[in-house]
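Here is a short report on a protein model. Look at the sequence and the structure first, then read on.

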Amino acid sequence: MRKSLLIGPAAVVCWAAAAFAQSATGPSVVPGASGSASPAASDKPPAGGEEGRPLEVVVQGQRPGTRGTAVEKLDRTILDRFGATNVSEALDRLPSSISAFSARGERILSLRGFDQRQILVTIDGVPVQVPYDGQLDLGKFPLGLVDHITVVKGAGSLLFGPNGLGGAIDIATRRPGEGPAIVLSTETAPFYAQRLSGVGTAKQGPVAVLGGVAFENVRYFPLSDSFTPTYNENGGRRENSDRRSLTAMGKARWELDDHNEVVASAWHLDGQFGVPPGVFDLTRRFWRWSDWHVNSFAMAHGYRDAKLTVDETLYYSLVGNTLDSYDNAGYSTQLLPASGTSTYADRTFGGNARLAYRFACSEGKCVTARGWFGGKKDWHSSQASVGADWVDVDSTTLTGEGQVDGPFGKQILWLAGTQVDAEIPGRSAAAGKPNAAIGVGPMGALTWQPHRIVDFTASVAQRTRFPTLKERFSSAFGNLEPNPSLAPERATNMSLDASVRPIRQLRADAGVFDSEVRGLVIQVPLNSQTMQWQNAGRARFYGVELALRSRPLRWLEVWGGWVAMKTRRLDQSPPTDVIPYRPDQKATVAVTVLPIPELAFTVIGRYIGSQSFQNKDTSQWGTLGGYKMIDARVDVMATDGLRLWLRGTNLTDANVQGRFSFPEPGRQVFVGASLAWPEGNRDMMSPGTL
Amino acid sequence: MMLRYSTLASTFALLLLSACSSSDQTVDPGSNQNPATDGGADGSGVTIQVSYQSQSIPVDLGAITTSSYKGVNLVKLSDVWAASQIAADRTTLEFEFVATDGFKPSSKGCADLPGDVLDRGYIDPASRNLTWDESLGFKGCYSVKGAAQMNAHAPTGGSDAAAD
């Protein structure tokens with residue numbers, strides 16, 4: 001245990017030392033794409049300040065609270081280097097995030113100890129979730145249409161909307177009219193997995209359009225050769241692990257004049273997914289998502305001038321699925337009592353307005369007043385079985401946020417703000433109606449830059465999360481007792497971050513974080529058979545995070561990080577204060593070597609520490625030991641715009657369970673190609689690839 | 001160029017070396033040591049009360065030979081009935097299971113079970129959690145946790161509700 005604790009920091013320190021030693025000969029390459037830029041690196045504020053355009057979220061920049069380890073930005077180059085195929089896999093490469101297959105076949109993540117319900121997830125700034133559940137499997141979203149992903153942790157998550165108790169994640173698709181006109185990409189694991197994606201964009205005068213499609217067909221994923229067969233799983237091809245999905249997206253942007261812009265977007269995801277059963281479960285579930293779809297439409301207008309930025313967004317999302325439970329591993333008959341078909345048909349309609357006004361500008365820095373006002377209504381309709389009555393519940397959420405930030409002298413940046421959230425419950429599916437609730441969340445942050453190479457940021461924020469409709473009304477086929485009176489969770493997030501940039505080729509961040517959640521919503525047993533979500537707990541998540549980004553030589557990139565974390569319930573005493581599936585540490589190191597401009601080798605190593613869980617068959621606590629994963633890939637720029645790659649995941653074929661009873665895939669090898677036209681570049685050493 | 005290749009080689013060597021060193025994951029599955037029981041992990045001293053009409057017999061689960069179900073050693077419910085030595089044909093009866101806290105499946109609309117399925121039902125000798133052969137496709141309400149009583153009675157005509 002003690003030895004394993006040293007792996008992460010040791011790796012980071014080793015690479016930091018290497019970077020320092022080799023920096024003297026390196027060219028001037030700015031490793032600025034990940035996370036916040038140093039104040040010293042920003043010569044002047046960009047036009048329109050640091051505000052995002054319509055349907056865009058921008059969190060990097062001068063603002064305190066969005067600096068150091070508190071913000072991660074995964075741009076397209078990093079996503080390619082990671083070799084991930086969907087959003088969940090990409091986020092799983094971050095030291096602060098952990099995800100694994102669950103009993104529902106989903107990959108639900110946790111971020112610095114917070115589970116995904118406590119994280120606000122948006123696509124192009126628009127909330128994306130199953131309205132009933134407050135979360136959504138990001139493993140179903142292909143990366144082919146994604147431009148970059150921004151992760152904001154803890155205290156920095158203001159000005160995004162409600163319910164980001166522990167942070168926010170924005171998935172940004174490409175901006176119409178920018179970048180290559182056509183990008184086609186394909187990847188295959190011979191004989192069992194194929195992925196295709198294509199994105200095209202064009203600009204004519206003030207109008208730009210973009211269209212994209214991504215298709216995935218995976219017949220199964222392989223288990224490790226060292227997997228020991230069980231009654232439920234023979235090994236080899238993971239049972240019922242097939243997946244097929246089609247995603248389509250369209251965006252259009254119209255620049256009305258120098259100041260006004262209108263953007264509209266629509267995207268659609270439709271898929272069918274098998275649910276691999278637990279390999280040790282005494283009672284297997286034979287489940288399949290026969291239909292799983294999301295349709296989302298958004299329209300926004302933005303106005304920008306030298307001092308004022310305003311945009312307004314309206315969105316409408318339909319999220320639905322059909323879960324079929326079968327009699328046996330044939331997945332064809334539904335005759336036994338436990339089999340059946342349940343259906344969700346959920347909707348969300350909402351809108352928001354953002355504004356930023358810059359004033360008192362001096363030496364390129366301004367005081368900025370920002371506001372975010374929005375509301376949304378979530379509807380949930382479900383049918384527990386064919387022919388059963390539909391259950392309808394809904395809820396409305398309103399949010400207002402105000403924030404002012406600016407410089408104080410030459411070394412200090414400050415920020416103060418408050419977010420007010422209100423929930424107005426609608427129809428109830430149980431006896432009693434939920435009470436309206438309000439949450440007030442002040443935030444403050446201070447950045448001190450004593451020298452141009454180093455800055456320190458302290459931030460504190462209080463956030464509120466309203467219970468999901470599922471937590472209030474779910475009966476889980478009789479296993480849960482609804483609790484309409486469930487109250488909001490509240491969290492106080494504190495962090496202290498330091499960013500050091502001794503040379504242009506190196507940035508190192510260190511952060512200490514501490515979050516305390518009150519009114520923690522957890523399942524409490526009412527009797528031996530029935531649970532109920534209650535505000536029964538308090539929890540504390542605290543730890544340290546280190547991050548390193550370096551390009552010591554033109555042909556060598558290093559990307560690494562390490563998180564050590566404690567998560568525990570404060571309302572329980574050891575050993576029952578455990579929060580399941582929260583590793584004590586996680587480390588990631590990615591090294592890319594570019595021996596010639598047309599060739600890149602990347603090796604990614606991950607270490608995930610031990611984690612506790614409760615065995616559902618015995619009700620006893622167990623432990624999943626720590627494990628390592630190694631991925632690698634080779635990229636070749638064959639011609640202008642044509643990139644070929646060969647990549648392998650879990651190269652050591654480690655037999656590991658991300659969750660008990662649910663093994664992760666064994667070794668896999670993929671080959672792929674992408675063609676970008678007309679802006680192909682043979683040189684993969686372009687700046688900003690870190 | 002030589003430096004690049006040597007660095008390249010050392011990079012791969014370092015990462016692959018660390019990768020190849022003991023990648024196995026150790027797992028403590030959280031097996032049968034339920035503190036809620038009044039006996040040992042092998043079921044010794046753990047009892048279930050079996051009753052029919054005026055008879056009520058405590059059956060020591062640790063004294064019954066276990067059967068393997070999916071590799072887990074469990075006690076068949078038909079063997080529990082046999083161990084009670086109640087002189088009645090279980091296949092002509094219906095059975096109700098009651099947890100230590102009084103929970104019974106009928107409280108969730110799940111009818112009592114016919115006795116002929118007892119040979120495909122199991123009880124964990126430590127935790128007294130019930131498990132049914134998955135080929136029966138029973139609803140979750142029958143997976144009683146901490147079963148303390150196994151009550152037999154003459155059929156009431158509602159036992160086929162289990163197949164609803």
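With 16 C-beta neighbours inside 10 Å, A:Ala487 counts as partly exposed. The model is predicted. A:Ala487 sits in a loop of chain A, between helix H4 (469–473) and strand E22 (489–500). Which residues does A:Ala487 contact, leaving aside its neighbours within four places in sequence? They are A:Ala437, A:Gly519 and A:Asn535. A:Phe613 is 126 residues apart from A:Ala487 in sequence, and the two are 26 Å apart in space, C-alpha to C-alpha.

Now take A:Gln657. This residue lies in strand E32 (residues 657–659) of chain A. Is A:Gln657 buried or exposed? A:Gln657 has 23 other C-beta atoms within 10 Å, and so is buried. Its contacts reach into both chains: leaving aside neighbours within four places in sequence, they are A:Leu624, A:Phe662, A:Pro663, A:Glu664, B:Gln25 and B:Val27. A:Gln657 and A:Gly625 are 32 residues apart in sequence. In space they are 9.1 Å apart, C-alpha to C-alpha.

**Chain A as a whole**

Chain A has 690 residues, and 52% of them are buried. The chain holds four helices and 34 strands. Consider the contacts in chain A with a separation of 6 or more: 66% of them come from residues 24 or more positions apart.

**Where the chains touch**

The contact takes 46 residues from chain A and 46 residues from chain B. On the chain A side, strands E26 (585–593), E27 (599–608), E29 (621–624) and E30 (627–639) each supply at least two residues. Which of the elements gives the most to this side? E29(A) does, with four residues. By class, the side of chain A that touches chain B has 22 nonpolar, 21 polar and three charged residues.

Two bridges join E29(A) to strand E1 (residues 27–28) of chain B, and the two run antiparallel. There, A:Leu624 has B:Val27 as its bridge partner. Both A:Leu624 and B:Val27 are among the contacts of A:Gln657.

**Strands side by side**

Strand E7 (residues 146–153) of chain A has eight residues, and six of them are buried, so this strand is largely enclosed by the rest of the structure. E7(A) pairs in the antiparallel sense with strand E1 (residues 71–74) of chain A, over four bridges. One bridge links A:Glu72 with A:Val151 in E7(A). E7(A) is also joined to strand E8 (residues 167–173) of chain A, by seven bridges, and again the two run antiparallel. Here A:Val146 has A:Thr173 in E8(A) as its bridge partner.

Chain A also has an open sheet of three strands, in the order E2-E3-E4, with antiparallel pairing. Strand E2 (97–101) and strand E4 (114–115) stand at the edges, each with a single partner strand, so one side of each is left without a neighbour in the sheet. Strand E3 (residues 107–111) is joined to E4(A) by two bridges. A:Leu111 and A:Phe114 are bridge partners there.

Chain B has an open sheet of five strands, with mixed pairing and the order E3-E2-E10-E6-E7. Its edges are strand E3 (55–60) and strand E7 (113–114) of chain B; each has a single partner strand, so one side of each is left without a neighbour in the sheet. Within this chain, strand E6 (residues 94–99) and strand E10 (residues 147–153) pair in the antiparallel sense over six bridges.

The table lists bridge partners from these pairings.

| Strands | Residue | Bridge partner |
|---|---|---|
| E29(A) and E1(B) | A:Leu624 | B:Val27 |
| E1(A) and E7(A) | A:Glu72 | A:Val151 |
| E7(A) and E8(A) | A:Val146 | A:Thr173 |
| E3(A) and E4(A) | A:Leu111 | A:Phe114 |
| E6(B) and E10(B) | B:Ala99 | B:Ala147 |

**Nonpolar cores**

How many residues does the largest nonpolar core have? The count is 100, and the residues with the most contacts inside it are A:Leu79, A:Val87, A:Ala90, A:Ile149 and A:Ile171. Strand E24 (residues 531–553) of chain A gives the most to this core, with seven residues. A second, separate core has 36 residues, including A:Ala338, B:Leu74, B:Leu93 and B:Val98.

Go back to A:Val87. Not counting residues up to four places away in sequence, A:Val87 touches A:Leu138, A:Phe141, A:Leu143, A:Val146, A:Ile149 and A:Ile171. One of these, A:Val146, is the bridge partner of A:Thr173.

Key:
Residues are numbered from 1 along each chain as its sequence is written. Chains are lettered from A and ligands numbered from 1 in the order in which they are written. This is a predicted model: local features need pLDDT of at least 70, side-chain atom pairs count only at pLDDT 80 or more; totals for chains, interfaces and linings use all residues. Two strands pair if DSSP finds at least two bridges between them. A residue is buried if 20 or more other C-beta atoms lie within 10 Å of its own, exposed if 12 or fewer, and partly exposed in between; C-beta atoms are placed from the backbone. Two residues are in contact if their C-beta atoms, placed from the backbone, lie within 7 Å. Ala, Val, Leu, Ile, Met, Phe, Trp, Tyr, Cys and Pro count as nonpolar, Asp, Glu, Lys and Arg as charged, and the others, Gly among them, as polar. A nonpolar core is a set of buried Ala, Val, Leu, Ile, Met, Phe, Trp, Tyr and Cys residues joined through C-beta atoms within 7 Å.
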